[in-house]
Amino acid sequence: MTDTELGPGRPTADEPRVTTVTVGTGRQSAAHVPVERRTPARPEQGHAPSPRLTARAMAGPRAAEDPHDPVDADRTCSVARGDVRTQVYQPTPHQVEWAADMLAQGRLDLERPANWKGSGLPAYAPNRMFPPVPLAGGGRIPAQILLGITAQESNMWQASRHTVEGLTGNPLIGNYYGIPFKVAADENKWDVDWTHADCGYGITQVTDGMRMAGRTKPGEVALPPDQQRAIAVDYAANLAAGARILAEKWNEQAAYGMKVHDGDPARPENWFMAVWAYNSGFYAREGAGVPWGLGWLNNPANAHYAENRHPFLDGRPSDASHPQDWPYPEKVLGWAAHSIGKTTGKNGAGFQPAWWNTPEQRAQVKPPRFLFCLVEANDCDQRRTFVPDDPSVMPSKPGEKPEPPSHCGHVNPATGKYDLKCWWHGSVEWKDDCATECGNEKIRFNAGEHGNPPDVSAHQPNCQAEDLPQGVLVVDDVPADVPAITPTACPRRSDGTFAFDFAKDGQTGDYLSKADLHQIGGGFGGHFWFTHSRAGALGDRLKVTGRWELGRELDGWARVMVHMPNHGAHTQQAAYTVHTADGPKRRTLLQRTEENRWVPLGAFRFTGRPRVELSSVTGGKPDGKEDIAFDAVAFQPLPGKPRHQVVVLGDSFAAGEGASPVDGAKYYPESDRMGLTAYANACHRSYAAWSRKTRLPDSRHTLGYRTDVWDPEVDAHLLACSGARTQMLLPTAAPGQEPVRNAFGLAAEGQHLEPPQLDKGFLDENTTLVLLSIGGNDAGFADIFATCFATDACHENLVLNLDATTRKRITDKVGPSVKTALQQIARAAPNAKIVLMGYVKLFTASCDTTSQPGQTAFYNPEAGEVEWMGKITLHLRDTLASVVKELREWPDRMDVHFTDPIERFGSRGVCGNPEAVNAGIPKPTRGEGAKGGFPGLNPLVSQQSFHPNELGTTILADALTTDLPLFGYPR
């Protein structure tokens with residue numbers, strides 16, 4: 001269990017995040033905290049790294065890696081990551097606290113049934129598998145000491161830190177791949193080295209005995225496989241095993257007469273040295289003159305820790321963000337005194353902290369800095385400093401920092417140099433009356449009165465198939481015989497196979513790509529995978545490709561749907577490749593739906609077995625910070641080609657900006673997230689957009705309704721995005737070609753990390769109808785609002801100045817840009833009818849709130865301003881209509897049409913009666929952020945302002961519904 005003393009490090013892929021809370025104030029702080037490392041104590045100083053050996057240099061044959069299996073056959077640690085039959089349940093803090101309270105009271109008498117939570121184990125009892133070790137002199141371990149260790153070791157996490165409470169994931173394993181701690185935060189330097197694997201498992205990070213038989217360290221004996229598995233998958237078994245090790249450290253020191261204060265185990269402070277040994281080992285006495293005892297790394301006098309440091313977490317929850325500034329036993333006692341914060345649900349303490357009679361006594365859990373520093377005891381001289389220079393403590397790699405000067409003056413007799421072996425082996429006291437001044441245990445769950453708290457989760461999986469149409473075929477991401485480890489029954493189904501292709505690292509020959517793959521017990525059927533979006537050379541090293549294949553042949557048309565999990569999926573450029581009878585089709589989806597939802601990829605013609613692929617190499621911002629998920633894929637056989645294959649493009653008018661959530665509808669959540677961050681999306685695609693309210697000529701139902709019920713005659717996709725300009729529709733250039741440019745000379749670009757709308761792949765030869773609105777943002781309407789209508793500067797002369805420049809921009813720039821966009825749309829969808837929706841007069845009346853109470857006036861424009869804005873809208877209308885007319889004529893002869901809604905809309909703009917356009921809306925949405933809003937306006941208002949509301953989108957939809965038959969749709 002104990003490990004060599006290793007310096008502070010950065011977290012590796014599966015290490016936990018710690019959240020602290022100060023009880024009474026509710027202040028929180030969150031940070032990554034390195035898992036504490038433990039291996040058997042060695043005679044050399046623990047900070048000195050071992051000579052590097054690659055896995056290929058280890059003695060004995062190693063297993064061949066499978067480029068399709070997530071499990072690392074070549075591993076050192078016993079229980080593998082990535083095994084779908086090893087899904088580890090993540091307990092809640094109260095469940096861990098219950099286990100600690102029961103263990104402290106000698107009543108951890110759980111009976112685990114066979115195959116508990118899919119463990120594959122026979123029936124067992126944790127307290128019988130790992131029976132308690134009696135303490136020398138009697139007594140027991142306080143519950144808060146156990147809980148403090150779990151908080152520091154793992155954030156009370158049994159599963160990977162990516163797993164939320166109540167769900168399952170990979171086991172939490174300390175440095176499974178042997179990646180050096182100093183480079184773990186830099187994925188460009190990741191290099192698998194199985195010889196340096198730590199193999200610390202679960203909430204107490206049990207290490208000793210957890211390596212595979214035949215791959216243990218010198219002196220280590222592998223535990224029986226059932227015990228290894230129980231430690232990896234069961235938090236109660238892990239806690240029982242960790243408590244045994246801690247008790248052995250207590251007894252080991254007691255055998256030498258070492259104790260803290262009066263040695264009463266009921267007092268948390270008295271466990272200071274046993275906790276020290278739990279982390280960095282205890283060096284047994286070997287003979288006269290040979291250093292022995294507790295190693296130097298965790299000595300409070302070590303120069304790694306600031307001289308003026310305060311007690312860990314005492315009034316400063318932010319200490320959790322830099323725990324390396326305290327020695328291990330000070331951190332554990334700090335957690336015991338202040339608790340960890342809840343990670344799910346409301347703020348509060350994750351467990352009951354220990355208690356003291358006064359805050360001053362609690363603060364004194366931190367001993368005096370030089371308490372363990374005596375020249376005559378361990379060659380530590382608080383009056384002098386020494387430069388460590390023995391070969392055993394010198395840096396072994398370029399770039400490594402040398403050990404700082406310290407008070408440790410121990411000299412290696414063989415070299416005559418300072419070697420940091422100031423190892424402590426005496427008794428200590430720092431409180432005069434420990435019975436009064438030392439801490440006390442606090443039990444929340446009394447034995448016999450409280451059962452194990454129930455499983456809970458903030459992210460329930462989707463265990464229902466009712467939201468799929470009849471006859472649909474589902475290909476899940478795990479085989480059908482893998483049990484779903486979920487809080488409620490979740491039957492598994494799969495009508496095909498799912499497999500991975502892992503990239504082989506060209507630098508080392510390892511499958512480093514497996515290191516960044518994680519499984520979660522959520523999504524459809526209670527399981528999905530995720531990795532992180534990448535690009536470039538690192539993307540090539542870490543590339544993961546998922547492949548879904550239906551288990552039967554399809555000869556005809558079918559709709560393909562992708563299930564998005566309600567968490568663990570972030571990327572806005574998940575590019576799925578669908579292998580069809582007409583060749584591969586690539587379509588890009590947003591994954592941050594924040595709800596378990598089936599999202600359509602489209603309808604395709606198939607022969608043979610349909611196949612879908614998804615790679616972790618993406619566009620956008622592929623910096624490794626956004627998850628890309630692999631969940632289920634479904635195929636809906638269709639009677640034939642859908643009669644209506646519709647794609648909606650364009651700007652805020654087409655997206656439905658303003659029709660949510662003011663009027664009770666809502667935006668698609670993936671289009672309204674993460675405001676004012678690099679990963680924000682405020683496209684505001686609305687369920688109440690005019691395109692979704694439109695009724696196609698052959699139906700009494702709206703297009704949105706038919707889409708939502710998976711009508712086999714309809715395949716529709718809303719891609720429009722609020723704020724889009726014409727270049728944001730245009731496709732990017734093929735390799736070696738110049739990019740498509742609009743009239744502004746700008747190349748294609750997307751929005752909010754999405755690709756350009758035409759690059760999402762939804763337009764093709766099968767598309768029958770394209771709907772869009774575009775040009776308003778190119779005309780500079782946002783600037784007009786910011787500089788004119790939302791200020792007091794909109795005087796008649798300013799209107800006159802704006803008039804000339806705005807008209808020229810619309811004529812010379814907007815018209816040609818829209819023409820380019822329409823030509824590119826026709827090229828991508830040569831068989832589609834294209835309908836360009838015009839804009840409405842946003843301002844049709846002055847806002848006289850005294851005579852017309854109830855109007856939502858944001859400001860009161862003058863009559864001249866209203867008239868001018870109306871004329872500019874008409875000029876834009878005429879320009880767009882002229883572009884459409886030109887494209888319909890020779891030589892283009894495009895099937896493009898223009899819907900003019902101005903007359904139908906009438907005088908129902910801002911302050912109209914009724915009002916069909918939003919005035920100033922003060923509250924931004926999530927995608928805009930608390931300080932976001934309409935560009936340039938002060939005070940800030942939501943970008944929903946000055947857009948059609950629910951009534952407005954209904955009027956627009958009615959206009960289109962009327963025009964479609966006149967345009968000859970459908971053919």
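# Briefing on a predicted protein model

D432 is located in the loop that runs between β10 (417-418) and α10 (434-437); helices (H or I, at least four residues) and strands (E, at least two) are DSSP runs, numbered from the N terminus. The model is a predicted one, in which local features need pLDDT of at least 70 and side-chain atom pairs count only at pLDDT 80 or more, while totals for chains, interfaces and linings use all residues. Residues are numbered from 1 along each chain as its sequence is written, and side-chain values use heavy atoms, with hydrogens and water left out.

**Surface charge**

- D432 is exposed, because its relative accessibility is 79%; buried means under 20% relative accessible area, exposed over 50%, and partly exposed in between (1.4 Å probe, protein chains only).
- Together with D262, E429 and D433, D432 forms a patch of negative charge on the surface.
- Patches are made of residues with over 30% relative accessible area and no salt bridge, with like charges joined within 9 Å and nonpolar side chains (Val, Leu, Ile, Met, Phe, Trp, Tyr) within 5 Å.
- Asp and Glu count as negative and Lys and Arg as positive, whereas His and the chain ends are not counted.

**Salt bridges**

- The whole structure contains 50 salt bridges, each defined as a side-chain nitrogen of Lys or Arg within 4 Å of a carboxyl oxygen of Asp or Glu.
- One of them connects the side chains of E111 and R128, with an N to O distance of 2.8 Å.
- Because E111 lies in the loop between α1 and α2 and R128 in helix α2, this pair ties together parts that are 17 residues apart in sequence.
- R128 counts as exposed, with a relative accessibility of 55%.
- R673 and E594 also meet through their side chains in a salt bridge, at 2.4 Å from N to O.
- This pair links distant parts of the chain, 79 residues apart: R673 is in the loop between α12 (652-655) and α13 (690-693), and E594 is in the loop between β18 (583-589) and β19 (597-606).
- R673 is buried at 17% relative accessibility, whereas E594 is partly exposed with a relative accessible area of 30%.
- A further salt bridge joins the side chains of K885 and E889 (2.8 Å, N to O).
- K885 is exposed at a relative accessible area of 51%, and E889 is partly exposed at 39% relative accessibility.

**Backbone geometry**

- Most residues other than glycine have a negative phi, and most peptide bonds are trans.
- L313, a residue other than glycine, has a positive phi near 70°.
- L313 belongs to the loop between β8 (293-294) and α7 (328-338), and is buried with a relative accessible area of 3%.
- S339 likewise is not a glycine, yet its phi is positive at about 75°.
- S339 sits in the loop between α7 and α8 (359-363), where its relative accessible area of 0% makes it buried.
- The peptide bond between W890 and P891 is cis, with omega about 10°; P891 lies in the loop between α17 (863-888) and β27 (896-899).
- Another cis peptide bond leads from N913 to P914, with omega near 0°; P914 is placed in the loop between α18 (902-905) and α19 (950-966).

**Buried residues in loops**

- R112 is found in the loop between α1 (93-104) and α2 (126-129) and is buried, with a relative accessible area of 7%.
- The side chains of R112 and D234 are joined by a polar contact of 2.9 Å; a polar contact is a pair of N or O atoms within 3.5 Å, where within protein one must be able to donate a hydrogen and the other to accept it, and residues adjacent in sequence count only if both atoms are side-chain atoms.
- D505 occupies the loop between β12 (496-502) and β13 (518-520), and its relative accessible area of 2% places it among the buried residues.
- Between the C-alpha atoms of D505 and K543 the separation is 9.4 Å, and these residues are 38 residues apart along the chain.
- F386 is part of the loop between α9 (375-378) and β9 (411-412), and is buried at 7% relative accessibility.
- F386 and L420 are 34 residues apart along the chain, with 9.4 Å between their C-alpha atoms.

Definitions and conventions. Accessible areas come from the Shrake-Rupley method with a 1.4 Å probe; for residues, only the protein chains shown count as cover. The place of a charge is taken as NZ of Lys, CZ of Arg, CG of Asp or CD of Glu.
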